[in-house]
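Open the structure in your viewer and keep the sequence beside it. The tour moves from one selection to the next.

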Amino acid sequence: MKITRRGFVKFGIATGAAIAIGDSLFANADELGLGGKGVAIDKSKIKGSDFDKVVPYTCLVCNIEDGGLAYIKDGRVRKLEGNDKHVSTRGRLCAKGNAGMWHIYDPDRILYPLKRAGKRGEGKWKRISWDEAIAEVADKIKAVIDKGHPNEIMVKWGRDRSGGATGRFMKTLGTNTGVNHTSTCESSKKIGMQPTWGPDIETPDFANTKYILNFGSNILEAAYFMNPYSQRIAEGLVDNKAKLVTFDVRLSNTAGRSDEWFPIFPGTDGIVALAMANVIMREGLADIDFINDWTNYSADKLSAYLKQFTPEMAEKYSGMSAKDIKRIAIEFASTKPATTYTYRGPAKHLYGSYNERAIMLLPIITGNVEKKGGYCLPRGMGYDQPDPKPSDGKEPSYLSTPPDYPLAEHKVSHLVPFWIKEGKQKISVYMNYMSCEGYTNPAASVWREVLSDEKLIPFSFTFSNQMQETANLMDIILPDCSYLERHDPESMPSSLWPWVGIRQAVIKPLGESIEFRETLKRIIHKIDPDGKRGMKKYWEFKDAEDYVRRQFDNIPGLKDVGGYDFLKKNGVWPVYGTLDPATGKIVDKNGDEIKPEYGSPYKEDPNGKVTMRGKKYKGFGTPDGKINIHAASYEKYGFNPLPVFKAHPWHWNKDGSSKIKDDEMIMTTFKWNVHTQSRTPNVKWLTEIVHSNPAWINKATADKLGIKHGDLIRITSPVGYIVTKARVTEGIHPKVVAVSNTLGTRFGRVATAKKNESPSMWGSTEDPDMKNIWWKAEGVNPNDIIPATADPIGGSQGWYDTVVKVTPAKAGDKLGDTKVDNSKHVEFFKETMQYAYTGTKHREMHPEVKVEKLPPAELKMGH
């Protein structure tokens with residue numbers, strides 16, 4: 001019997017199931033050979049009988065922005081592959097990217113404008129015209145502006161890759177009330193890095209390193225820049241014999257492929273790093289000259305400060321032995337070059353920004369910053385905004401200048417529904433874009449409650465082509481294009497070579513879908529038809545492509561090779577070379593592998609910030625040009641200006657003893673490698689691979705609780721409980737239970753495995769593959785029972801802080817049962833606010849700091 005790859009997946013999960021999903025349209029879609037061989041074929045030389053054209057684009061299934069190629073036949077996308085001209089992704093796409101065409105051909109896709117025909121959440125809709133939809137949205141916005149309260153217009157977005165169109169729209173309207181997803185993602189990482197060296201991200205030189213300390217990142221399958229980074233890590237491990245050491249509560253695919261894995265207790269990354277730094281200084285392995293020359297804190301003072309963080313202290317909190325801490329520290333400092341990497345693991349805690357700064361110390365004190373094989377600055381390229389540019393709004397906004405989170409600025413978006421309930425945030429019009437806060441955010445049930453309340457939010461609209469938990473609560477749905485049907489500028493620091501690229505429509509949009517920026521233009525033109533309001537002039541472009549084309553007009557070098565037309569043909573600029581099929585690396589015209597440049601801060605510059613031994617140097621992106629081990633901005637607001645570990649007050653007593661009782665655990669979440677929050681559960685290729693998210697629980701812990709693999713269990717947090725299945729494994733910390741936060745939506749026939757359900761009325765069509773669904777949907781989303789908390793420094797949600805109890809399911813419990821008390825969510829929110837800048841507990845910890853709070857009259861926007 002011939003077994004296909006899909007058949008293997010199917011039979012491996014459910015023996016004897018029906019034929020797995022396929023599509024005859026993809027009969028000519030060549031796959032990569034095992035090991036990725038074949039990615040460097042000349043993709044311009046395709047058979048004319050197979051495809052009509054190949055169109056380059058930039059992916060948007062997640063935020064990595066890989067370069068891709070769409071193969072088109074008869075106006076339909078037949079397959080997607082990586083763009084072999086793209087310097088970062090080098091001809092490869094991840095599984096999510098390869099399955100991207102199903103965002104176009106989603107059988108439940110919304111193809112027409114919809115207006116609510118019942119109560120919010122009832123699921124009753126009527127189809128309306130675009131003229132009707134635009135008129136209603138414009139009238140609601142105009143009414144708020146005419147009252148003189150533009151900040152009562154809230155724009156809530158998730159992954160905004162519009163290249164500035166969203167911000168332009170807000171400025172045109174005069175509203176500052178914009179909230180993004182960053183606090184639910186990596187804001188504490190950013191606020192840890194920015195004061196330290198300028199940028200809010202790093203780009204380690206994995207390919208040339210000899211040693212990698214990976215703190216809390218599942219980089220080989222689900223972290224930032226997973227595709228380009230995982231390629232370089234593989235090169236470092238195989239070609240350069242690098243050692244990979246991972247600190248993670250769960251045996252992720254990255255941890256499983258590491259040389260050593262340490263399942264430390266959640267949130268203790270910082271104390272492990274500080275203890276390692278102490279060992280490095282004590283053992284004389286630090287780069288003293290680098291510390292004294294390029295940081296704002298002397299090596300002597302730093303060494304004295306770090307003595308308090310002993311390996312034994314770190315062992316008490318983390319569970320990692322002091323012996324291993326010393327050994328790994330000495331290995332790391334003795335191996336050159338070396339680098340660290342972090343992502344959500346250290347940052348998604350009450351004091352996540354402290355953890356980030358502590359880990360940054362390791363490459364800093366060993367002199368591995370901006371060196372070959374080391375911890376490097378991001379490389380990026382910018383693009384302009386079309387002229388004329390609107391000015392910023394003038395009315396103060398609580399979200400743009402929050403007194404409670406002065407360092408995080410507007411990034412604490414997951415607390416918004418509580419601010420609305422308290423009256424701090426008055427909203428008349430709510431606009432949603434690329435976000436599903438009623439599903440993917442902590443305290444998701446509170447979001448749904450607030451979005452359902454017409455007194456709190458009188459009018460709401462969304463740009464969405466999927467029906468999901470948030471769109472279902474809107475008043476108007478404007479069907480956006482999929483990412484393969486739209487235009488955007490792109491540039492991401494995903495490798496050590498800067499680049500700019502474009503997203504372009506590879507086919508015409510289906511149904512009546514209209515691109516986001518084109519819809520924004522129509523709204524503005526409806527509000528200001530004659531231009532007398534001074535708005536229309538900022539949106540005078542022919543179409544979305546014309547808007548994006550203007551953004552690339554003035555990039556030095558690009559114009560010389562053809563400007564935007566070069567990008568349309570190649571997808572990316574510069575094209576640094578060609579992909580070598582033997583190595584999978586980019587080579588120059590002589591066949592030599594291209595090399596990145598290093599050491600930008602150390603270059604002599606007559607206008608540089610750093611003066612050293614009579615010479616001026618460019619320096620880092622900090623006010624004084626040096627790496628700021630001592631962060632003055634932290635000190636200003638009563639936070640420790642030096643890298644420090646602060647034990648979580650809900651997990652630890654002041655004497656360092658654990659607060660976690662024998663029957664309690666910490667719940668963490670994670671991403672599956674084939675899913676991206678609410679965007680992918682209805683993508684059939686991906687959900688066929690992963691369609692359940694059982695709770696990972698340690699075998700020893702499960703044995704004590706009388707839980708077996710596959711049993712129904714109840715996970716109870718301070719605000720409610722869920723019922724899910726147990727995945728018993730030794731690959732997780734004994735005091736941790738982990739549940740993915742991707743699956744569990746109640747929308748979409750693929751996502752819910754309801755193959756016999758009729759298509760919806762909003763434009764979706766029947767998919768012949770629906771009959772081949774062989775799996776059961778066993779996703780249980782944990783976000784309803786995760787309280788909203790916030791790091792008082794960086795603003796991040798404490799995704800990995802929730803204390804829970806795990807028990808066998810009770811009589812009558814069914815898979816997927818979820819019970820939550822929103823009043824308890826509010827109580828928990830009030831508790832977390834006590835640790836904010838203006839909170840009582842913050843003032844108790846830092847009595848020397850004068851906390852200034854905005855007058856009550858200014859807390860409500862528009863008043």
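This is a predicted model: local features need pLDDT of at least 70, side-chain atom pairs count only at pLDDT 80 or more; totals for chains, interfaces and linings use all residues.

Residues are numbered from 1 along each chain as its sequence is written, and side-chain values use heavy atoms, with hydrogens and water left out.

Select Cys59 and Cys62 to begin. The closest cysteine sulfur to that of Cys59 belongs to Cys62, at 6.4 Å, too far for a bond. Cys59 is buried, with 7% relative accessibility (buried means under 20% relative accessible area, with a 1.4 Å probe and protein chains only).

Next, select Cys481. Its sulfur lies 16 Å from the closest cysteine sulfur, that of Cys59, again too far for a bond. Cys481 is buried too, at 4%. The structure has zero disulfides (pairs of cysteine sulfur atoms within 2.5 Å).

Now select residues 444-452, helix H18 (helices are DSSP runs of H or I, at least four residues; strands are runs of E, at least two; both are numbered from the N terminus). Its buried residues include Trp447, Val450 and Leu451. Among the elements that cover them are strand S6 (153-157) and helix H25 (822-833).

Last, select Gly267, His349, Lys646, Ala647 and His648. Of the 14 residues that line the second largest cavity, these are the closest to its centre (a cavity is a set of points on a 1 Å grid over the protein atoms alone where a 1.4 Å probe fits but cannot get out; lining residues have an atom within 4 Å of a point). This cavity holds about 90 Å³ of space (the space filled by probe spheres set on the points, which are joined across faces, edges and corners).

Notes. Buried means under 20% relative accessible area, exposed over 50%, partly exposed in between (1.4 Å probe, protein chains only). Contact means heavy atoms within 4.5 Å. On a 1 Å grid over the protein atoms alone, a cavity is a set of points where a 1.4 Å probe fits but cannot get out, and a pocket is an open set with protein on both sides within 12 Å along at least five of seven lines; lining residues have an atom within 4 Å of a point.
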